[in-house]
Amino acid sequence: MTASPGQVRWGSASARGVLAATILGSGMAFLDGTVVNIALPHIGAEFGAGVAGLQWIINGYLLTLAALILVAGSLGDRYGRRRVYLVGVAWFAVSSLLCGVALNTEMLVAARILQGIGGALLTPGALAIIQSSFHREERARAIGAWSGLGGIAGAIGPLVGGLLVQAWSWRLAFLINLPLGLAVVWLTRKYVPESEDTSMTGHPDVWGSVLGALGLAGVTTALVEGPGRSAFDPLVVGGAVVGVVSLVGFVVLQMRQRNPLVPPDIFANRTFVVANLLTFVVYAALGGVMMLFVLQLQVSLGYSPTFAGLASVPISVIMLLLSARSGKLAQRYGPRPFLVVGPLVIALGMVMYTRVTPGASYLFTVLPAVVVFGLGLAAVVAPVTATVLAAAEDRHAGVASGVNNAIARTGGLLAVAILPAAAGLSGESYADPAAMTAGWQTAMWLCAGLCVVGGVLALWVRNDVLAPAPEPPTEVAELPEPGDCTSCGMTGPPTYLQTRAPAKPVS
């Protein structure tokens, strides 16, 4: 039997079950994102996919994830966190099966779009379940365990991903989610108590989510397909028109709705706006690196999938060891120095990446670039999330976190759509080491420029934004500390909880 919401005690069987369910569920989504990048050369070779096909394999997932992650968190609060988490895990596992048996690029992209829906449902659910399940006095300990073990899983994720791809086929990278998903469903049903927020009224902003998804889909279609077609191609023109009209409609709807998905007044704070702009440009640069790094290693330097995954493990280790420390230092000294210097260090790492060319030594060329890149990333992720949360009003804490996460995903989405064409990669040119290397170097300079822009933007961040407020409300105190940086990584900032009434059991 499961314990009641808010009554799970540390050390009990229920506590171990809740942690196992949430760590496995989060790890499944994280591992999938890592593995897909490593598997891209093999997918492209099997299906004869061009650059546009590889872009859609990544962006199909990011599209639905970015569009739905805002509304997905509130669905758990409204209809039951355990119920929505189970739906998300099952949806993710089934769509992963469809990915694993895909017969062509189009089928794989369609399955990835479905997979993004499952990812949006389960991503914010893990932390929400821990917050609502554990006894008030032990939530911080539980969140710390989830964060630490999740960080270890993230650190070994690239290596595991490479081994899966090399062991049999890229298909195994998706099919592994089926037994993992079944295990998470069993653990969740057995140990996780159901809870919901009975104070929530009205209906979720479904139309806002639909318009947001259509807007991102239209713009992405125009950007991905434009380089390979004429500017007046019906698909390109239609995508651009649908995208722009839908995004304008989304903004108008948010301004007129009584309970908007994104309250317009949240953008009244300059620091909040600047921190999100910084998030957009930095995570756009990171999205470009994530896609192209493993391609360059495998296509141009001849790395196996395992060694390509192993090459980026130092980034995850650095994030695991230093992100929480940088978040706490930002709280002590203010976030501005970290948000200015961090992107500049990332930019330096990207400039060093330009030397990762055929014949380059891992020890003397690849590893130094990876380490510098990781140090810059560790300096940015926790402070920028803390800044976004601190700049928003307490009542908007959950929405502010969701907005920041969605903006990060959107930055990566647009970078993957634009960067290959901007770097001169099109068709199947990525399979040619000389063309791939030239495109890689151009892309790294462009990404470095984006990070420099991010560092300059940070000059407009208020340095006292993280100063402790007198007598903070109880609900805010229950949130994980931003400096703890739960689930820090390259894919997006951590998603924090909404500051609502305590969880109540479902009768």
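Rings of Phe, Tyr and Trp (its six-membered ring) pair if their centres lie within 6.5 Å; planes under 30 degrees apart count as stacked, over 60 as edge-to-face and the rest as tilted. Before going further, please note that this is a predicted model, in which local features need pLDDT of at least 70 and side-chain atom pairs count only at pLDDT 80 or more, while totals for chains, interfaces and linings use all residues. Residues are numbered from 1 along each chain as its sequence is written, and side-chain values use heavy atoms, with hydrogens and water left out.

The structure holds nine aromatic pairs. For Tyr353 and Phe373, the ring centres are 5.5 Å apart and the planes meet at 50°, so this pair is tilted. It links distant parts of the chain, with Tyr353 in helix 14 (residues 336-353) and Phe373 in helix 15 (residues 362-391), 20 residues apart. Helices (H or I, at least four residues) and strands (E, at least two) are DSSP runs, numbered from the N terminus. Both Tyr353 and Phe373 are buried, where buried means under 20% relative accessible area, exposed over 50% and partly exposed in between (1.4 Å probe, protein chains only).

Now follow helix 14 itself. Its 18 residues reach 26 Å from the first C-alpha to the last, close to the 26 Å expected at 1.5 Å a residue (the expected span is 1.5 Å times one less than the number of residues). Buried residues of helix 14 include Phe338, Ile346, Met350 and Tyr353. The helix's buried residues pack against helix 11 (270-300), helix 13 (313-333), helix 15 and helix 17 (433-457). Met350 gives a residue-level view: leaving aside neighbours within four places in sequence, Met350 is in contact (heavy atoms within 4.5 Å) with Ala285, Leu286, Val289, Phe373, Met444, Cys447, Ala448 and Cys451.

A nonpolar core is a set of buried Ala, Val, Leu, Ile, Met, Phe, Trp, Tyr and Cys residues joined through side-chain atoms within 4.5 Å. The largest one has 106 residues, and those with the most contacts inside it are Leu108, Leu292, Phe293, Ile346, Met350, Tyr353 and Phe373. Helix 11 gives the most to this core, with 17 residues. Apart from it lies another core of 31 residues, among them Ala29, Leu121, Trp146 and Val192.

Asp32 is found in helix 1 (residues 13-47) and counts as buried because its relative accessibility is 1%. Beyond its neighbours within four places in sequence, Asp32 is in contact with Phe92, Arg112, Gln115, Ala173, Phe174 and Asn177. Ser96, in helix 3 (residues 81-100), has 0% relative accessibility and so counts as buried. With its neighbours within four places in sequence set aside, Ser96 is in contact with Gln115, Phe174 and Asn177. The C-alpha atoms of Ser96 and Gln115 are separated by 6.5 Å, although these residues are 19 apart along the chain.

Finally, consider the whole protein. Its secondary structure comes to 18 helices and two strands, and 58% of its 507 residues count as buried. Among contacts between residues at least 6 apart in sequence, 85% join residues at least 24 apart.
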